[in-house]
Amino acid sequence: MNSAPGPLLAGLTARARAAAHARSPACPCGAATLADRPDGTVVRHADTVAKAHPLDTTPTELTSRLTLAARHPDILLPPLDPAPVDLHGRLVTFWPYGTPVDPDNPDAAPWEAAAALLARLHRTPAPEGLPVMRGPAKAARAVARLREAGPHSAAAPVLRAWDTLPPWARAEAPMPHTGTLCHGDLHLGQLVRHPAADGPWLLIDVDDAGVGVPAWDLARPAAWYACGLLPPGEWARFLTAYREAGGPAVPAEGDPWPALDVPARALTAQTAARAVTKAVAAGRPLDEVEQSVVDACDRMATVPPQLVQEYAK
């Protein structure tokens, strides 16, 4: 039997309904909970989405990120209002609903669109006062949770791989390049079509956006490719589209890995840390995909990373 929703989820659902009805009196009133996690609760009512951001979200930083999205609606899904509101001690924002990538149709994954959007974002001048991109901080938090999770045989190789990274990639020192506008947490779940199902692809979720090393935004697909989870053809599509769009994170020709190696290793360690933490909490063995990223960490720990951290010009 499902328990009743907590006050945050119930309140967020009511706020989403009110916002949807304010936008359209003829609202069809379809509702759904899209996510309910400590790092974000998201509900949808018809064509309106409400998101409760993490507890540690800073109002000033979130507002600057929302303003960024509102100013670049051709790259980032713009919020319905660039000012967050408070709900049960959480900052809440409202967004138009966009059609996400279909997880059951991997052949239709919009790798070219994702790469082109990233390249345009990376070429966009960063506004004054925008916070630092939070990718390394998120990776460090995942590793910290792994250390707190309790013993597991897979933890050691993950921590060894993490310890080989330079301090900036572990959020222990400033990033070597902070002049480029970055998304901070790029994966296919961060793209939606708007308006409707045939509109242009846009990036969503600006919680980690800021200035930093642009190669971080290419690091997750690079890590998947290096771990054997992303076919070479799809990686080639993504990298080629990024280069053709003038993306500054890697050189236009030649080997991209001197720029990508450190961020890709960090994302591999982050992914493995989350996988092991979840396995410990559930008291279950790692599945095949989770084991593959742990195995990649084991290999990484024996080969020093390439320390050319960025290529942005």
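D205 sits in the loop between strand 9 and strand 10 (210–212); helices (H or I, at least four residues) and strands (E, at least two) are DSSP runs, numbered from the N terminus. Its phi is near 70°, a positive value in a residue other than glycine. D205 comes out as partly exposed, at 22% relative accessibility. For burial, the cut-offs are under 20% relative accessible area for buried and over 50% for exposed, with partly exposed in between (1.4 Å probe, protein chains only).

Keep in mind that this is a predicted model: local features need pLDDT of at least 70, side-chain atom pairs count only at pLDDT 80 or more, and totals for chains, interfaces and linings use all residues. Residues are numbered from 1 along each chain as its sequence is written, and side-chain values use heavy atoms, with hydrogens and water left out.

C29 is another non-glycine residue with a positive phi, near 65°. You'll find C29 in the loop between helix 1 (7–23) and strand 1 (31–37), and it is partly exposed, with a relative accessible area of 43%.

Next, an open sheet: three strands in the order 6-8-9, with antiparallel pairing. Two strands pair if DSSP finds at least two bridges between them. Strand 6 (99–100) and strand 9 (201–203) are the edges, each pairing on one side only. Strand 8 (residues 191–193) runs antiparallel to strand 9, and three bridges join them; V192 stands opposite L202 of strand 9.

The loop between strand 8 and strand 9 holds P195, and the peptide bond from H194 to P195 is cis, with omega near 0°. Helix 3 lies across strand 8 and strand 9, at about 50° to strand 9. That angle is taken between N-to-C directions on a scale from 0 to 180 degrees, with axes as lines fitted to C-alpha atoms, for helices over the stretch in contact.

## Strand 5, covered on both faces

How many of the seven residues of strand 5 are buried? Seven of the seven in strand 5 (residues 90–96) are. In a regular strand the side chains alternate between the two faces of the sheet. Here R90, V92, F94 and P96 are buried on one side, and L91, T93 and W95 are buried on the other.

Strand 5 has antiparallel partners. Five bridges join it to strand 3 (residues 48–52), where A50 has F94 as its bridge partner. Strand 4 (residues 85–87) pairs with strand 5 over three bridges, also in the antiparallel sense, and L87 stands opposite R90. The hairpin of strand 4 and strand 5 has two residues between the strands, and H88 in it takes a positive phi near 50°.

In helix 6 (219–226), A219, R220, P221, A222 and A223 are buried. The buried residues of helix 6 pack against helix 3 (111–123), helix 7 (232–244) and helix 8, where contact means heavy atoms within 4.5 Å. After helix 6 comes G228, with a positive phi near 80°.

Helix 5 (residues 155–163) buries A155, P157, V158, L159, A161 and W162. Its buried residues pack against helix 4 (135–148), helix 8 and helix 9.

## A pocket and a cavity

On a 1 Å grid over the protein atoms alone, a cavity is a set of points where a 1.4 Å probe fits but cannot get out, while a pocket is an open set with protein on both sides within 12 Å along at least five of seven lines; lining residues have an atom within 4 Å of a point. Grid points are joined across faces, edges and corners, and a volume is the space filled by probe spheres set on the points.

The second largest pocket holds about 180 Å³ of space. Helix 6 (219–226), helix 8 (257–282) and helix 9 (288–300) are the elements giving two or more residues to its lining. Helix 8 gives the most, with five residues. Among the lining residues are C227, W257, D261, R265 and R299. The lining divides into seven nonpolar, one polar and three charged residues (Ala, Val, Leu, Ile, Met, Phe, Trp, Tyr, Cys and Pro count as nonpolar, Asp, Glu, Lys and Arg as charged, and the others, Gly among them, as polar).

The whole structure has three cavities of 30 Å³ or more, and the largest cavity has about 40 Å³ of space. Its lining is made of R220, A223, W224, C227, L229, L267, T268, T271 and V293, with helix 6 and helix 8 each supplying at least two residues. By class, that lining has six nonpolar, two polar and one charged residues.
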